[in-house]
Amino acid sequence: RWLSRLDSALPWATKVGGLTVGDSRFFVGATEHDGGGVGLALCGVDLEPLVCQGARPVGPSFSITESDGNVIRALDGMEVTAALEPVL
């Protein structure tokens, strides 16, 4: 129901999103939930959404230790690039 409303409200946008399952942690602000979903409506982006079932982690888990609004500045006390470089 909400997806059709989103399509009606933003017909020009590409919509993408996901749901948490299993041992995933989902946060809204500082509040942790044991499940949930997230959605984005994007404009001006050439994007081909796809579904990936059974995705597996490619590296270790990180905690966000510093942010500025919706921008992640540090993971586990390290700059984001320094934390992710060994994984990528």
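This is a predicted model: local features need pLDDT of at least 70, side-chain atom pairs count only at pLDDT 80 or more; totals for chains, interfaces and linings use all residues.

User: Over how many bridges do strand E5 and strand E6 pair?
Analyst: Strands (E, at least two residues) are DSSP runs numbered from the N terminus, and two of them pair if DSSP finds at least two bridges between them. E5 covers residues 64–68 and E6 covers residues 71–75. Glu66 stands opposite Ala74, and Ser67 has Ile72 as its bridge partner. The antiparallel pairing of E5 and E6 runs over four bridges.

User: In the hairpin of E6 and E7, which residue takes a positive phi?
Analyst: E6 runs antiparallel to E7 (residues 78–79), and two bridges join them. Leu75 stands opposite Met78 in E7. The hairpin has two residues between the strands, and the positive phi, near 50°, belongs to Asp76.

User: Is Gly17 buried or exposed?
Analyst: Gly17 lies in strand E1, residues 14–19. Buried means under 20% relative accessible area, exposed over 50%, and partly exposed in between, with a 1.4 Å probe and protein chains only. Gly17 has a relative accessible area of 64%, so Gly17 is exposed.

User: How many Å apart in space are Gly17 and Val38, C-alpha to C-alpha?
Analyst: Gly17 touches Val38 and Gly39 (contact: heavy atoms within 4.5 Å), not counting residues up to four places away in sequence. Gly17 and Val38 are 21 residues apart in sequence. In space, C-alpha to C-alpha, the distance is 5.3 Å.

User: Which residues line the second largest pocket?
Analyst: A pocket is an open set of points on a 1 Å grid over the protein atoms alone, where a 1.4 Å probe fits, with protein on both sides within 12 Å along at least five of seven lines. Lining residues have an atom within 4 Å of a point. For the second largest pocket they are Arg25, Phe26, Phe27, Phe62, Ser63 and Ile64.

Notes: Residues are numbered from 1 along each chain as its sequence is written. Side-chain values use heavy atoms; hydrogens and water are left out.
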